[in-house]
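Colleague: Hi! Could you walk me through this one?
Modeller: Happy to, let's open it up.

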Amino acid sequence: MATLRLRNAHQKIEEVRSRLFQQRWDTVTCDVHQRLHDLGKLIGTDAGDELHRHVVVSAVAALQTFYRGMIVSIVDSGEEYKARAAEKITEKFSMEAALSWLSGKTGTFGELIAHSAPCNSVTDLLSRFETLLACDMRQALAEAINPYDRRNGKESPERIVPDVDRLISSLEKVFRLRHIFAHEAAPSLKVTTEECRELHGAVAQCVEAMDAVLWATVYQHLPLTQYEMNMHTRSEVLEARKKLAKAMRKALSDARAAGSAAWLRRNHFAWMRATMDWAHETYGSLQGTMWPAVGGMDLAKAITSRAEQVTGWNRSQNLEESSE
């Protein structure tokens, strides 16, 4: 039965992932902000209060998507978070099934935790993050500041959540109304324009504050500013080139002994030309400060893939050395 549940979980996770932008969890914040932006345009229109019911239900759905995306990100960030997440698992699974999830072959462990985590109340929302981050989320939300202000050391930065008790109260109301509208006709229950803006704003504020909490904890060592991203990308490319250079030195040594060094050089130069042509004509041709970092990561992946390809060939030609 546990194996069946895991198989079903994998299928459902794949379906959810397929509906994300670029089918990736690391872009989930963009998905959520876009959805909340679109919902905000429905508030106070000539269509009347009926659309406000839709805004409430969809705002909670956006918050739930953010919640699960953040769990995936946190749990997959390190072993300490995996260990904390594992404490919440009460079901027994086969060793084969557990290893499959831990290895990421069927999906990441973070995806499994996020899929099984309830998010139907403020308590659900806060308690899971408190477990993973080992902190008091009410206090963390109350102290949350813009990640750029934190990174740049801004003096006396504004708090994202001026009144955390009011935020919690509004979120509790959002969840309560969402439950009613999703399960009851409730024709006499109306959500006014002012009330809808308040509830929609609470969800948006919660997303912004929770994202800031992660940048103060899990993401604190990751690049945030464009300059940091560019420098991080540069180091990734340099590291990939070092791996490739090491692999090629070994490959050339073997190729000289086999009399195929000339071919290997021609092949590698052809790969270099094709790879750099791709880099220059895709992301390298775009205008905007974000593209050098995006293109750099794409290039780093290509170089790393080539290094792994060459390393694999080296091992196949040196089986005795590989087995030692």
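Colleague: Which helix does histidine 200 lie in?
Modeller: Histidine 200 is part of helix 11. Keep in mind that this is a predicted model.

Colleague: Is histidine 200 buried or exposed?
Modeller: Histidine 200 is buried, because its relative accessibility is 13% and the cut-off for buried is under 20%.

Colleague: What does histidine 200 touch, leaving out residues up to four places away in sequence?
Modeller: With those left out, histidine 200 touches Leu36, Leu39, Gly40, Ile43 and Val55.

Colleague: And how far is histidine 200 from histidine 52?
Modeller: Their C-alpha atoms are separated by 9.6 Å, although histidine 200 and histidine 52 are 148 residues apart along the chain.

Colleague: New topic: cavities. How do you look for empty space?
Modeller: You roll a probe the size of a water molecule over the atoms, and that shows where empty space is left.

Colleague: How many cavities of 30 Å³ or more are there?
Modeller: The count is 1. The largest cavity holds about 30 Å³ of space.

Colleague: Which residues line the largest cavity?
Modeller: The lining is made of Val55, Val56, Ala59, Val174, Cys196, Leu199 and His200.

Colleague: How many of the lining residues are nonpolar, polar or charged?
Modeller: There are 6 nonpolar residues and 1 polar one, with no charged residues.

Colleague: Now the aromatics. How many aromatic pairs does the structure hold?
Modeller: The structure holds 3 aromatic pairs. In one of them, the ring centres of tyrosine 67 and phenylalanine 129 are 5.7 Å apart and the planes are at 85 degrees, so the pair is edge-to-face. This pair links distant parts of the chain, with tyrosine 67 in helix 3 and phenylalanine 129 in helix 7 (residues 122-133), 62 residues apart.

Colleague: Are tyrosine 67 and phenylalanine 129 buried or exposed?
Modeller: Both tyrosine 67 and phenylalanine 129 are buried. Another pair, tyrosine 283 and tryptophan 291, is stacked, at 6.1 Å centre to centre with 25 degrees between the planes. Tyrosine 283 counts as partly exposed at 28% relative accessibility, and tryptophan 291 is partly exposed too, at 24%.

Colleague: Last one, the whole chain. How many helices and strands are there?
Modeller: The chain has 15 helices and 0 strands. Of its 324 residues, 38% are buried. The accessible surface comes to about 19200 Å², and 52% of that belongs to carbon and sulfur atoms.

Definitions and conventions. Residues numbered from 1 in each chain as written. Predicted model: local features only at pLDDT ≥ 70, side-chain atom pairs only at ≥ 80, totals over all residues. Heavy atoms only, no water. 1 Å grid on protein atoms, 1.4 Å probe; cavity = no way out; pocket = protein on both sides within 12 Å on 5 of 7 lines; lining within 4 Å. Points joined across faces, edges and corners; volume = space filled by probe spheres on them. Nonpolar A, V, L, I, M, F, W, Y, C, P; charged D, E, K, R; others polar. Helix = DSSP H or I, 4+ residues; strand = E, 2+ residues; numbered from the N terminus. Buried < 20%, exposed > 50% of the residue type's maximum accessible area, 1.4 Å probe, protein only. Contact = heavy atoms within 4.5 Å. Areas by Shrake-Rupley, 256 points an atom, 1.4 Å probe, with all protein chains shown as cover. Phe/Tyr/Trp six-rings, centres within 6.5 Å; stacked < 30°, edge-to-face > 60°.
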